[in-house]
Amino acid sequence: MGASSGKKNILSEKILNAANAFIRTSVSDPSLTFVSITRVELSDDLSNSKLYWDTFDASRRGDAKKAILAITGKLRTHLSKLLKMRHVPTITFVYDSQYDEEKKIEDLLDDEAKKGKGIS
């Protein structure tokens with residue numbers, strides 16, 4: 001039996017906020033300085049979660065990925081205490097390429113606009 005969408009949304013938001021706070025305050029790894037969790041997707045039964053992350057420093061994405069994977073267990077323990085849940089969802093981190101995709105689209109549109117201006 002799946003969770004109601006309201007409960008799922010509330011839990012997703014709590015996980016998002018708690019994960020970002022944990023990264024900011026409880027982790028000393030400098031590779032995570034510019035990392036943030038952008039969204040959380042929970043399975044219908046709340047047993048699995050995908051935490052989408054991004055970094056403002058794209059040149060350090062590889063280091064950030066290693067560091068974020070290294071804190072998975074500690075984050076899950078933190079969530080279990082904070083959320084007072086007996087069964088905390090498993091955590092899978094996924095790089096959020098949404099901003100990269102948006103940038104590519106903006107660049108393409110800018111290029112097309114420049115070409116269009118040159119024709120007249």
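N20 lies in helix α1, which covers residues 5-25. The model is predicted. At 16% relative accessibility, N20 counts as buried, because the cut-off for buried is under 20%. Leaving aside residues up to four places away in sequence, N20 touches S36 and I37.

**Fold and order of elements**

- The protein has four helices and three strands.
- Read from the N terminus, the order is α-β-β-α-α-β-α.
- The radius of gyration is 18 Å, well over the 14 Å that the globule rule gives for 120 residues, so the protein is more spread out than a compact globule.
- Along the principal axes, the C-alpha trace spans about 65 × 35 × 15 Å.

**Packing and contacts**

- Of the 120 residues in the protein, 32% are buried.
- N20 is one of these buried residues, at 16% relative accessibility.
- Take the contacts between residues at least 6 apart in sequence: 59% of them join residues at least 24 apart.

**The aromatic pair**

- The count of aromatic pairs comes to one.
- The partners are W53 and Y95.
- Their ring centres lie 5.1 Å apart, and the angle between the planes is 70°.
- The geometry is edge-to-face, because planes over 60 degrees apart are classed that way.
- W53 sits in strand β2 (residues 48-55), while Y95 sits in strand β3 (residues 90-95).
- The two residues are 42 apart in the chain, and the pair links distant parts of it.
- W53 is buried, since its relative accessible area is 2% and the limit is under 20%.

**Surface and charge**

- The accessible surface of the protein comes to about 8000 Å².
- Carbon and sulfur atoms account for 54% of that surface.
- The protein carries 20 positive and 17 negative side chains.
- The centres of the two charge sets lie 9 Å apart.

**Residues to find in the structure**

- Start with N20 in helix α1, then look for its contacts S36 and I37.
- Next, find W53 in strand β2 and Y95 in strand β3.
- View the two rings together to see the edge-to-face arrangement.

How values were computed. Residues are numbered from 1 along each chain as its sequence is written. This is a predicted model: local features need pLDDT of at least 70, side-chain atom pairs count only at pLDDT 80 or more; totals for chains, interfaces and linings use all residues. Side-chain values use heavy atoms; hydrogens and water are left out. The radius of gyration is taken over C-alpha atoms; the globule rule is 2.2 Å times the number of residues to the power 0.38. Buried means under 20% relative accessible area, exposed over 50%, partly exposed in between (1.4 Å probe, protein chains only). Contact means heavy atoms within 4.5 Å. Accessible areas come from the Shrake-Rupley method with a 1.4 Å probe; for residues, only the protein chains shown count as cover. Lys and Arg count as positive and Asp and Glu as negative; His and the chain ends are not counted. The place of a charge is taken as NZ of Lys, CZ of Arg, CG of Asp or CD of Glu. Rings of Phe, Tyr and Trp (its six-membered ring) pair if their centres lie within 6.5 Å; planes under 30 degrees apart count as stacked, over 60 as edge-to-face and the rest as tilted.
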